[in-house]
Amino acid sequence: MNRYSMVIQWSDEDQLFLVTIPEFGDRVVMPCTHGKTREEAIHKGEEVIEMYLEAWLA
């Protein structure tokens, strides 16, 4: 999981932190998740990475 990066940006329009994963840009619609806090966004981003890696390996 440490091989992947997350870009976390605040969205004034959505009032949320939006998460994109650059390495998944050609496979996943971005942004791929979000959070009300930066910590929540990071946690959800890690969950998305894990979920997609498991799905692609299956």
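## Exercises on the aromatic pairs

In this predicted model, five aromatic pairs are counted under the rule that ring centres lie within 6.5 Å.

**Exercise 1.** Determine which kind of pair the rings of Phe24 and Tyr52 make, and where in the chain each residue lies.

*Solution.* The ring centres of Phe24 and Tyr52 are 6.1 Å apart and their planes stand at 70°, so the pair is edge-to-face, given that planes over 60 degrees apart count as such. As for location, Phe24 belongs to the loop between β2 (16-20) and β3 (33-35), while Tyr52 belongs to helix α1 (residues 38-57), so that the pair, 28 residues apart, links distant parts of the chain.

**Exercise 2.** Decide whether Phe24 and Tyr52 are buried or partly exposed.

*Solution.* Phe24 has 2% relative accessibility and therefore counts as buried, since buried means under 20%. Tyr52, at 25% relative accessibility, counts as partly exposed.

**Exercise 3.** Work out how the rings of Phe24 and Trp56 are arranged, and describe the surroundings of Trp56.

*Solution.* With centres 4.9 Å apart and planes at 80°, the rings of Phe24 and Trp56 form an edge-to-face pair. This pair also links distant parts of the chain, with Phe24 in the loop between β2 and β3 and Trp56 in helix α1, 32 residues apart. Trp56 has 33% relative accessibility and counts as partly exposed, and Arg27 lies over the face of Trp56, at 4.3 Å from the ring centre.

**Exercise 4.** Name the residues that form one aromatic cluster.

*Solution.* The cluster is formed by Phe24, Tyr52 and Trp56 together with Tyr4.

Terms used:
Residues numbered from 1 in each chain as written. Predicted model: local features only at pLDDT ≥ 70, side-chain atom pairs only at ≥ 80, totals over all residues. Heavy atoms only, no water. Phe/Tyr/Trp six-rings, centres within 6.5 Å; stacked < 30°, edge-to-face > 60°. Helix = DSSP H or I, 4+ residues; strand = E, 2+ residues; numbered from the N terminus. Buried < 20%, exposed > 50% of the residue type's maximum accessible area, 1.4 Å probe, protein only. Lys NZ or Arg CZ within 6 Å of the ring centre and 35° of its normal.
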